[in-house]
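This report describes selected features of one protein model. Please look over the sequence and the structure before reading on.

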Amino acid sequence: MAGNPRNGRPYRRLCDQQRAMQYPCWICGGDIAYGITGPEASKHPLAFTLDHLLPVSKRPDLLLDPANARSAHRRCNSQRGNRLTVKATGTSRRW
């Protein structure tokens, strides 16, 4: 039985490539705190996480596809979950 594919070298390489591009969060557009690494990154809401445009739970074959990889804040990635749509941010019901 194979282990978690997100712990393997190809997945870490994809994360490193995406991190090196220093893109803003594709969900909210805000700057990502790329300097936060190690154990602190797993808790900080503005830290980098690798998100997938098409969720891996729906398309596991795209796990290592660079065209499906996006940079996101940990908070934004967690809020999105495995939905295909992104909730619009910055809108208000007050006019």
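## A nonpolar patch

Which residues make a nonpolar surface patch of about 240 Å²? Leu 53, Leu 54 and Leu 84 make it. The model is predicted, so local features need pLDDT of at least 70 and side-chain atom pairs pLDDT 80 or more, while totals for chains, interfaces and linings use all residues. Residues are numbered from 1 along each chain as its sequence is written, and side-chain values use heavy atoms, with hydrogens and water left out.

Leu 54 sits in the loop that joins strand 1 (48-52) to strand 2 (69-73). Its relative accessibility is 33%, so Leu 54 counts as partly exposed (between the limits for buried, under 20%, and exposed, over 50%, with a 1.4 Å probe and protein chains only).

## Cys 15 in helix 1

Cys 15 belongs to helix 1 (residues 9-20); helices (H or I, at least four residues) and strands (E, at least two) are DSSP runs, numbered from the N terminus. Cys 15 counts as buried because its relative accessibility is 16%.

Leaving out residues up to four places away in sequence, Cys 15 touches Phe 48 and Leu 50 (contact means heavy atoms within 4.5 Å). Cys 15 and Leu 50 are 35 residues apart along the chain, yet 6.2 Å separates their C-alpha atoms.

## The largest pocket

Leu 50 is also one of the residues nearest the centre of the largest pocket, along with Arg 6, Tyr 11, Thr 49 and Asn 77.

Key. Patch = residues over 30% accessible without salt bridge, like charges linked within 9 Å, V, L, I, M, F, W, Y side chains within 5 Å. Areas by Shrake-Rupley, 256 points an atom, 1.4 Å probe, with all protein chains shown as cover. Salt bridge = Lys/Arg side-chain N within 4 Å of Asp/Glu carboxyl O. 1 Å grid on protein atoms, 1.4 Å probe; cavity = no way out; pocket = protein on both sides within 12 Å on 5 of 7 lines; lining within 4 Å.
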